[in-house]
Amino acid sequence: MDPMNRRTALILGGAGAAAAMAGAAGLLWGQGSGFQSAGGQDLSEPEALYSADGRLQVKLSAALGQVLIAGRDANALSYNGSVPGSTLFLRPGDRVNVMLENRLGDPTNLHVHGLHVSPQGNSDNALVSVEPGTSFEYEYRLPADHPPGVYWYHPHRHGSVADQIFGGLYGAIIVQDPQPVPVSRERVLVISDISLTGGGSIAAVSAMEKMMGREGALVLVNGQLNPVLAARPGERERWRVINACTSRYLKLRLDGQSLQLLGLDSGRYQSPRDVEEVLLAPGNRADLLVTAAAGTAVLRTLPVDRGSMVGSMMGGNNGGGQSPAGPDGTVLATFAVAGAPAAAPGPVPAQPVPRDLRSLAVTAHRELVFAMGMGMNSGGMGSGLMSFTINGRPFDPARVDTTVPAGAVEEWTLRNTSPMDHPVHLHVWPMQIIEQAGRPVDTPMWQDVVNVPARSSVRVRIAFDDFTGKTVYHCHILDHEDSGMMGLIEAR
Ligand code: C2O
Ligand code: CU
Ligand code: CU
C-alpha cells in the first residue's frame, strides 16, 4: 500500500486483499498515469438505444480486445468495444431482436436478467450455448403489461458466467414508465468490479477467491473510477443503479443528499420511500430519485459482511466476503452540486398498487436448501475445494429439479445452511418476499434477487404466470453459480 495515499486506497477498495492474493499486479495498474488522473472526469454513459414502433434490433459482438476501463486502455471483454455495453431502452409490448456474435475463445450466451419473457427457444433461454465464431439471434417479446424498471443483460453460459461478467460483459436494460417521473435528468449507473494486471489485462482469479466469490480491486461506475456527476441545487435526478459485480454486495450511501427509492428490481413501491442507504446484492437494481442539495457529496459503498468460510479452514479473518475497504467504504462517484437553484420538480405520479400474493391460495410449498460442503459432493465442478449445492445436488443441465404447473402460486422457503450469504435469483418470474429473518414482511416487496443470509431462511411467493418452459434459479454470486449452485425449473 506504500505508494498510495489514503484516498487512492479508498477508491481502490479491494486492492489490498486482491494484491495479497495475486501479488502486486493489481496495484501496478494504479501507477504511472493511472488512477489519479482517471478519477474526476465527468460521468460517461453507455450508448443509448431506444426501441421505436415496438421494435428494437441490436447486434452485440462479444470479444476480448482494447477497451477503456478506469480511464486507461485495458485488454478486457466487451460488447461492441465498450464497458458497459449499450443501454437498451424498451417499452412494454416491444419485440427485441439481439444478434449475439461470439468472438470470444469460449462459448457464451445472453440472458436478459429480470425481464418477464419466455425462457424457450431463442427467447431468454439460459441453456443455449453460442460457440466461438458463431452467432445466435435472440428474440424477446415483452408482454403489454411488462413492469417498467431497471433490468440488465449478461452472459449465462454455465461454467464461465463469473469470468465473462468480471471481464466486462454486461449492459443495462430500461423498461420505460407509461407516465414519466418528472426529473431534471436520468442517469444509468452500472456498478461493476474488475481486477487488472499492470499491463491492463484481466487478472487471474485464485481458487480461494472463487470459493468466496471474487471481488475486483477496482469498483467502476460505467467503467470509470470516481466519475463526477454535476447538478444544480433543487434538481431531481433519477438514477438507475445496477449491481453488475460478480460477487460484491453494495451498500450505497450519498450523505448530504436526499434519496428516495422508487423500487428495487422490477418491484415498484406504491410511493417512493425515503432511504439513507441502499443495499444491493449482486444482480439487484435500484430505481432511485436523488434531490440535489448544494455541496459535494460522495457516493460510496460501505463494507458488507456477507459471511465467511468455514472458520477452521480460513481462520475467520477476512477469509469471508467482507470487502477489506475501511469503514468509510469505497468511493464510487462524486456528486457535485452547485449553481443557480432549480425550480421544485413536479410531483411523482401515483404508482400502481403492487400485486400481493398473500391474498391468493398457495398451490404448493417447497424448500430449496443452499449448502456448501467440503468437496465430497462437488461432482467435479468448480474450485474442487468446496461443493455448492441446492437440495444436495450441483447443477446438471440434463436434470429438471423442480416442475411447476403453469399458473401455480407457490410458496418457497429459501434456506441457507452455509456460513456465507447467498443472493438467490430466479429467472422469468419475480419473487414476493413474505418472510425475512423469521418476521413477516407486511408490504408487498418484489425482487428477482433475494439475499438469503448465512444460516438463515427467507420465504417468498411466486406466481408462475404467462410462460412455460425450462429455466434456472441460482446463487448470483456467480462463482457459486458456476460451481454448481443452480437448479433447473420447468413450468408446464
Ligand atoms: Cu443475472 Cu441467471 O442471472
Ligand atoms: Cu437472471
Ligand atoms: Cu452463493
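This is a predicted model: local features need pLDDT of at least 70, side-chain atom pairs count only at pLDDT 80 or more; totals for chains, interfaces and linings use all residues.
**View 1. Donor spacing at the copper ion (ligand 3).** Along the sequence, the residues that donate to the copper ion (ligand 3) follow the pattern H-x52-C-x4-H. The coordinating atoms are ND1 of H422, SG of C475 and ND1 of H480, at 2.0 to 2.2 Å from the copper ion (ligand 3). H422 and C475 are both buried.

**View 2. The copper ion (ligand 2) and its two histidines.** H111 and H425 coordinate the copper ion (ligand 2), each through NE2, at 1.9 Å. The two residues link distant parts of the chain, with H111 in strand β6 (residues 111-113) and H425 in strand β25 (residues 422-426), 314 residues apart. Both H111 and H425 are buried.

**View 3. Two cysteines, C245 and C475.** C245 has a relative accessibility of 1%, and because buried means under 20%, C245 counts as buried. The relative accessible area of C475 is 0%, so C475 is buried too. A disulfide requires a pair of cysteine sulfur atoms within 2.5 Å, and by this rule the model has zero disulfides.

**View 4. An open sheet of four strands.** The strands are ordered β3-β2-β5-β7, and their pairing is mixed. At the edges are β3 (72-79) and β7 (135-141), each of which pairs on one side only. On average, neighbouring strands of this sheet are turned by 30° against each other, direction ignored. Strand β2 (residues 55-69) and β3 run antiparallel and are joined by eight bridges. Within β3, Y79 is the bridge partner of A62.

**View 5. An open sheet of five strands.** The order here is β1-β4-β9-β8-β6, again with mixed pairing. β1 (48-50) and β6 stand at the edges with a single partner strand each, so one side of each has no neighbour in the sheet. Neighbouring strands of this sheet are turned by 25° against each other on average, direction ignored. Strand β4 (residues 85-90) runs parallel to strand β9 (residues 171-175), and four bridges join them. The bridge partner of F89 is I174, in β9. The edge strand β6 also holds H111, one of the residues that coordinate the copper ion (ligand 2).

Technical notes. Residues are numbered from 1 along each chain as its sequence is written. Chains are lettered from A and ligands numbered from 1 in the order in which they are written. Side-chain values use heavy atoms; hydrogens and water are left out. Donors are N, O and S atoms within 2.8 Å of the metal (3.2 Å for Na, K and Ca); water is not among the atoms, so sites may look incomplete. Buried means under 20% relative accessible area, exposed over 50%, partly exposed in between (1.4 Å probe, protein chains only). Two strands pair if DSSP finds at least two bridges between them. Axes are lines fitted to C-alpha atoms, for helices over the stretch in contact, and angles run from 0 to 180 degrees between N-to-C directions.
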